[in-house]
Amino acid sequence: MVKRDQIESKMKSYIDDNKLGAFEALYMWSKGIGSETIAGVLGNKYGTAEGFDAVMADINGLGIRGPSERVELTNEEVGVVIRNIFRKLQQPLLDNVSKNLVALTESEKHLLLAMINSSLFDNERIKLDDLKLAYRAIFGKAMKDRDFTDTLLLLERIGVIYCDRVYGGRIETIIVPEYIYTLQFQIEAKLPKVIITEEKQES
């Protein structure tokens, strides 16, 4: 069985060596997020999925078979231990997100507004159709599908969400990483205060 301090040492090394891709990949793996999604997120945020390969090699090296495996002595689940350590070490990741929030585009602000005002942001997973309905209810019109997908990928790139991918890279749902709630007040401060509440009627 793996020991807690072995996991913590490995995660600290990711931070010390500025391997945030690996650090984040391990967090996603601990949540049971699929390899297609992890690779897609890393490729979008860091330009490469190498961090995932490094994590899988380290996991195998520690003899860990899955997030539900138990840690020696404490008998906690490996996934729970990883996420607890992640919370202690996540500040560099939060700092990056904070910097990225400075340059939010209008479309990013509007999608975030739809998520937060509809309370969808409170859920770990958001269905795309639910977000589209929330957007339409607030702004009185739909966002074009291409713009919708592009904006989701931009929000993923800056660290606010993960796009859950299925085979072929198609986005199926949105995952809200728990660390982002630490910055929710900061995010809300960037959003527009005046919104459209009625849908325009066609003549």
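Me: What makes S1 and S3 a pair, and in which sense do they run?
Reply: Two strands pair if DSSP finds at least two bridges between them. S1 and S3 have 3 bridges, in the antiparallel sense, so they count as paired. The strands themselves are DSSP runs of E, at least two residues, while helices are runs of H or I, at least four residues; both are numbered from the N terminus. All of this refers to a predicted model, in which local features need pLDDT of at least 70 and side-chain atom pairs count only at pLDDT 80 or more, whereas totals for chains, interfaces and linings use all residues. Residues are numbered from 1 along each chain as its sequence is written, and side-chain values use heavy atoms, with hydrogens and water left out.

Me: How do you know that S2 and S3 pair?
Reply: They share 4 bridges in the antiparallel sense, and at least two are required, so the pair stands. Cys 163 has Ile 174 in S3 as its bridge partner, and Tyr 162 stands opposite Ile 175 in S3. The hairpin of S2 and S3 has 5 residues between the strands, and Gly 168 takes a positive phi near 95 degrees there.

Me: Why are S1 and S2 called edge strands?
Reply: The open sheet has 3 strands in the order S1-S3-S2, with antiparallel pairing. Strand S1 (125-127) and strand S2 (162-165) each pair on one side only. From one strand to the next, the twist averages 40 degrees.

Me: What makes S3 mostly covered?
Reply: Buried means under 20% relative accessible area, exposed over 50%, and partly exposed in between (1.4 Å probe, protein chains only). In S3, 4 of its 5 residues are buried. Helix H9 (residues 145-158) lies across S2 and S3, running at about 120 degrees to S2. Such angles run from 0 to 180 degrees between N-to-C directions, with axes fitted to C-alpha atoms, for helices over the stretch in contact.

Me: Why is Ala 25 called buried?
Reply: Its relative accessible area is 0%, so Ala 25 is buried. Ala 25 is found in helix H2. Not counting residues up to four places away in sequence, Ala 25 touches Ile 38, Leu 42, Gly 51, Phe 52 and Val 55, where contact means heavy atoms within 4.5 Å.

Me: Why is the pair of Tyr 27 and Tyr 179 called edge-to-face?
Reply: Rings of Phe, Tyr and Trp (its six-membered ring) pair if their centres lie within 6.5 Å; planes under 30 degrees apart count as stacked, over 60 as edge-to-face and the rest as tilted. By this rule there are 6 aromatic pairs. For Tyr 27 and Tyr 179 the centres are 6.3 Å apart and the planes 65 degrees apart, so the rings pair and the angle is edge-to-face. Both residues are buried. Ring pairs also link Phe 23, Tyr 27, Phe 86 and Tyr 179 into a cluster.
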